[in-house]
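Please look through the sequence and the model below, and keep both in view while reading the report that follows.

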Amino acid sequence: MWYNKGVDLLTVSVTARESAGEPYTLVEITGEADVTNTDELRRLLDEEVSQQPRTLIIDLSGLRFMDSSALHALLRVNRSLDRQGGVLALVSPQAAVAKILRLTTADRLIPVFGSVAEAAAG
Amino acid sequence: MARDGNTAQREPADEGALTRQPESRPDGDGAVPAAPAPERDDSMSYTYTTDLGAIRAVVQRCAIEAGLTEARAIDLVLAVSEVAANTVKHAKSPGRLTIWYDTREIVCQIHDEGVITDPLAGRRQPSLDALGGHGLWIVNQVCDQVELQSDETGTTIRLHMNRPAATPGHDPVA
């Protein structure tokens, strides 16, 4: 299962995958995420959360920029997954994205991995 | 994005009259109002509505041109984007970004018709649970200096980033 959704500067694709027999959902966010496309990003992520994945991995390697609105969308996903017993992991943030994660200490709340494989292995 | 080009008039930029906000103020007694914008003939102005990607590209280019390191350029881009995001969220009119730099610093000024009523806006760190209110706090964290002036006619926020010290024998771009 996959789809692409162009949200102005932002593209989100979702794939269902497996690692050592364990299913996980991989979301790749590409482009620039800011207040002008946060509503759409939130809606797309909410759809995935509603599928109740045990592990949701968001690959940020193609995301050039993220502002605080988009960060809040990720924090919301983290909170929702936490409540339903799931786990959120982030992968390979670029410098600008890593900066806002570090500054707000969101990277202490949500685990950040260097690759999808590492994130999937937990 | 409309690029207005260089502003035609130059008024004496009386920067000495500006009250500058210290880099850190642990007692957090609020932002110091910015003086009215100096219109400089070496500044560049851009009007934006929702095209924040274009605004970020402009700031990135100017920051590198002014000699900021990549990390500091990222900081300035983030700060300007957060302030411009407030225009998109709260102001009912376009915003205006003006950029200039001298030997000492690069300044990005953002003006819109929105009103910030909290004089301590961005001075306190919001909780991650708050799911909001991080924008101006981030701005205050990454910039060397932030000036904020807001009244019923609108809000002007000026973001200052120090330029790296000029190397001897190198004539910095003024």
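In this predicted model, the axis of helix H1 (residues 38–50) of chain A and the axis of H2(A) come within 9 Å of each other and cross at roughly 15 degrees. Because angles under 35 degrees count as roughly parallel, H1(A) is described as roughly parallel to H2(A). The contact is made on the side of H1(A) by A:Thr38, A:Leu41, A:Arg42, A:Leu45 and A:Val49, and on the side of H2(A) by A:Ser69, A:Ala70, A:Ala73, A:Arg76, A:Val77, A:Ser80 and A:Leu81. The crossing in which H1(A) passes H2(A) is right-handed. An α-helix has 3.6 residues a turn, so residues three or four places apart point the same way.

Among the residues of H2(A) that are buried are A:Ser69, A:Ala70, A:Ala73, A:Val77 and A:Leu81, and these five also take part in the contact with H1(A). After H2(A) comes A:Gly85, which has a positive phi, near 80 degrees.

| Helix | Residues in helix | First to last C-alpha | Expected span |
|---|---|---|---|
| H2(A), residues 68–83 | 16 residues | 22 Å | 22 Å |
| H1(B), residues 52–65 | 14 residues | 20 Å | 20 Å |

Turning to chain B, the buried residues of H1(B) are B:Leu52, B:Gly53, B:Ile55, B:Arg56, B:Val58, B:Val59, B:Cys62 and B:Ala63. Just after H1(B), the residue B:Gly67 has a positive phi of about 90 degrees.

Which residues touch the most other members of the largest nonpolar core? This core has 80 residues, and the ones in question are A:Ile57, B:Val59, B:Leu76, B:Ala79, B:Val80, B:Ala84 and B:Leu159. Helix H2 (residues 70–90) of chain B gives the most to this core, with eleven residues. If neighbours within four places in sequence are left aside, B:Val80 is in contact with B:Ile55, B:Val59, B:Leu97, B:Cys108, B:Ile110 and B:Leu159. In soluble globular proteins, nonpolar side chains tend to be buried together.

Where the two chains meet, 19 residues of chain B are in contact with 22 residues of chain A. On the side of chain B that touches chain A, H1, H2 and helix H3 (135–142) each supply at least two residues, and H2(B) gives the most, with eight residues.

Technical notes: Residues numbered from 1 in each chain as written. Chains lettered and ligands numbered in written order. Predicted model: local features only at pLDDT ≥ 70, side-chain atom pairs only at ≥ 80, totals over all residues. Core = buried A, V, L, I, M, F, W, Y, C linked by C-beta atoms within 7 Å. Buried ≥ 20, exposed ≤ 12 C-beta atoms within 10 Å, placed from the backbone. Helix = DSSP H or I, 4+ residues; strand = E, 2+ residues; numbered from the N terminus. Contact = placed C-beta atoms within 7 Å. Expected span 1.5 Å × (residues − 1). Axes fitted to C-alpha atoms, helices over the stretch in contact; angles between N-to-C directions. Parallel < 35°, antiparallel > 145°, perpendicular 65-115°, else oblique. Left-handed = near helix turned anticlockwise from the far one by under 90°.
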